[in-house]
Amino acid sequence: MAGAFGDGYPGRQRHTPRCSGRIMSVIENLGNFPGTRVNFSKLSIFHYDVPARDFSTGFRFINNVYLILDGKYRYLHPDGGIVEAKPRDIVLLPYGSAYKRVLLSGDSLGSGLCLDFRMVGEDGQELTFPPYVTPLATDTDGYYEKLYRKAMREQLDAHGGFAFRATVYDIFDKLFAEADRFPPGSPWHDIAPAINIIERSPQNNRTVVELAGLCKLSETRFRQLFRSYTDGMNPIEYRNCLRVRKAKELLRANPLYSVEKIADMLGFYDAPYFIKTFTRFVGATPKEYRSTVCENESGIPDCDMVSR
């Protein structure tokens with residue numbers, strides 16, 4: 001498949017996250033203010049315990065990206081719209097929104113991690129999202145929780161201001177791009193948890209059954225959706241594609257790394273299987289690839305997968 005190791009992710013390129021300035025691009029699209037430079041202010045991240053009683057807000061005065069840790073919620077909009085959210089879901093509670101939040105029966109207390117922020121344009125005017133609670137992603141593997149807690153530690157550090165903003169921007173970058181890539185109603189929304197886990201940790205050897213379980217799908221249905229997303233690649237092959245891409249980076253950047261070390265770092269069972277897989281994707285063994293790249297950067301094409 002041509003382009004398997006080019007920019008972005010393998011699979012359908014129209015769903016690839018933006019690689020340049022994508023925080024601004026995605027937020028502009030969500031908020032419907034294209035071409036406007038967005039400045040962030042009032043950044044704050046904290047843990048929040050939700051009381052069991054119902055809660056109504058007539059007007060939110062700050063945006064909040066809420067990562068639910070405990071409790072199941074129902075958000076009721078004045079126009080009759082309903083959004084339900086469960087533990088590990090991440091929802092956008094936008095500035096200007098009005099809703100009633102109901103902690104569903106059986107949950108005496110809810111909790112979560114809150115990321116507050118404001119957005120201001122170049123003219124100093126408040127920039128806003130549509131005033132509806134919006135699901136963004138599901139933190140299936142705890143990836144976003146780790147980023148939230150990292151930002152919380154940096155926020156408390158007297159010298160951590162720059163690091164704190166960098167981590168918050170990293171959250172925005174990944175989270176809003178993910179929401180843009182797999183919006184509700186997308187044909188591949190149901191398999192987003194598996195795709196995200198494979199792409200974040202290709203060295204992890206989760207089975208197809210485990211990946212299907214994360215998506216709450218049968219193995220058959222999961223495989224069907226996955227192949228439609230990747231133009232025919234199965235989950236193991238997709239993961240190997242990502243591993244080979246990373247292997248090429250390691251071979252170029254770390255001449256002292258042995259083939260065995262790289263195979264182990266990337267989760268291959270042994271070096272022979274790594275060599276076989278690498279050769280099938282690239283058309284050269286790892287040693288041949290490293291030798292050719294070192295001698296002539298244009299020697300082996302970087303964006304062709306020889307066979308599947």
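A residue counts here as buried under 20% relative accessible area, as exposed over 50%, and as partly exposed in between (1.4 Å probe, protein chains only). The model on screen is predicted, so local features need pLDDT of at least 70 and side-chain atom pairs count only at pLDDT 80 or more, while totals for chains, interfaces and linings use all residues. Residues are numbered from 1 along each chain as its sequence is written, and side-chain values use heavy atoms, with hydrogens and water left out.

Begin with helix 2, residues 143-156 (helices are DSSP runs of H or I, at least four residues, and strands are runs of E, at least two, numbered from the N terminus). Select Lys150 and Glu154, which lie 4 residues apart in this helix, about one turn, and which form a salt bridge with the closest N and O atoms 2.8 Å apart (a side-chain nitrogen of Lys or Arg within 4 Å of a carboxyl oxygen of Asp or Glu). Lys150 is partly exposed at 35% relative accessibility, whereas Glu154 is buried at 13%.

Next, select Lys86 and Asp89, whose salt bridge brings the closest N and O atoms to 3.1 Å; Lys86 is partly exposed at 36%, and Asp89 is buried at 9%.

Then move to the open sheet of 4 strands, ordered 2-7-4-5 with antiparallel pairing (two strands pair if DSSP finds at least two bridges between them). Strand 2 (55-57) and strand 5 (82-85) each have a single partner strand, so one side of each is left without a neighbour in the sheet. Finish at strand 4, residues 73-76, which pairs with strand 5 over 4 bridges, and find Leu76 opposite Ile82 in strand 5.
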